[in-house]
Amino acid sequence: MEVKAEQKFIRISARKIRLLTNAVKGLSPQKALLELQFIRKSGAREIYKLIKQAISNAVNVKKLEEKNLKFKNILIGKGPTLKRWRPKARGRISSIKKRTCHAKVILEG
């Protein structure tokens with residue numbers, strides 16, 4: 001049985017989040033949570049909360065056991081980009097792209 005959890009509009013680029021998800025994909029969800037507690041990257045907290053939410057959905061809604069859960073897939077997609085402007089020398093401007101992403105965790109158990 002599949003259990004899903006999704007978080008949209010995370011204010012970190014998808015590329016940075018994918019580095020974290022690739023590190024924990026092969027682990028069990030409980031071990032992934034343990035690993036993410038000690039990773040010092042800004043996206044680790046967001047992925048930690050998302051995995052925790054998926055485990056909670058499995059236990060409380062689908063009545064599955066936490067120890068039998070494993071990752072089926074972790075999807076990180078690109079979200080909308082916020083475009084901002086910064087003044088530069090000689091009256092010019094340069095663009096700043098504040099990227100976002102959408103994350104989805106699918107567990108099976």
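**Note on two loop residues and a helix pair**

1. Ser 13 sits in the loop that joins strand 1 (2-10) to helix 1 (14-24). The model under discussion is predicted. With a relative accessibility of 16%, Ser 13 falls under the 20% limit and therefore counts as buried. Apart from neighbours within four places in sequence, Ser 13 is in contact with Arg 99 and Cys 101.

2. Thr 100 belongs to the loop between strand 4 (93-98) and strand 5 (101-108). Its relative accessible area is 6%, so Thr 100 is likewise buried.

3. The surroundings of Thr 100 deserve a separate remark. Once neighbours within four places in sequence are set aside, the contacts of Thr 100 are Phe 9, Ile 10, Arg 11, Ile 12, Lys 78, Gly 79 and Pro 80. For Pro 80, the backbone oxygen lies 2.4 Å from a polar atom of the Thr 100 side chain.

4. A packed helix pair is described by the angle and the distance between the two axes. For helix 2 (residues 29-38) and helix 3 (residues 42-60), the axes come within 9 Å and cross at roughly 155°. This angle is over 145 degrees, which means that helix 2 is roughly antiparallel to helix 3. The crossing of helix 2 and helix 3 is left-handed.

5. Which residues form the contact between these helices? Helix 2 contributes Pro 29, Ala 32, Leu 33, Leu 36 and Gln 37, while helix 3 contributes Ala 44, Ile 47, Tyr 48, Ile 51, Lys 52 and Ile 55. Sorted by class, the contact of helix 2 with helix 3 comprises 9 nonpolar, 1 polar and 1 charged residues.

Note on methods: Residues numbered from 1 in each chain as written. Predicted model: local features only at pLDDT ≥ 70, side-chain atom pairs only at ≥ 80, totals over all residues. Heavy atoms only, no water. Helix = DSSP H or I, 4+ residues; strand = E, 2+ residues; numbered from the N terminus. Buried < 20%, exposed > 50% of the residue type's maximum accessible area, 1.4 Å probe, protein only. Polar contact = N/O pair within 3.5 Å; in protein donor to acceptor, adjacent residues only side chain to side chain. Contact = heavy atoms within 4.5 Å. Axes fitted to C-alpha atoms, helices over the stretch in contact; angles between N-to-C directions. Parallel < 35°, antiparallel > 145°, perpendicular 65-115°, else oblique. Left-handed = near helix turned anticlockwise from the far one by under 90°. Nonpolar A, V, L, I, M, F, W, Y, C, P; charged D, E, K, R; others polar.
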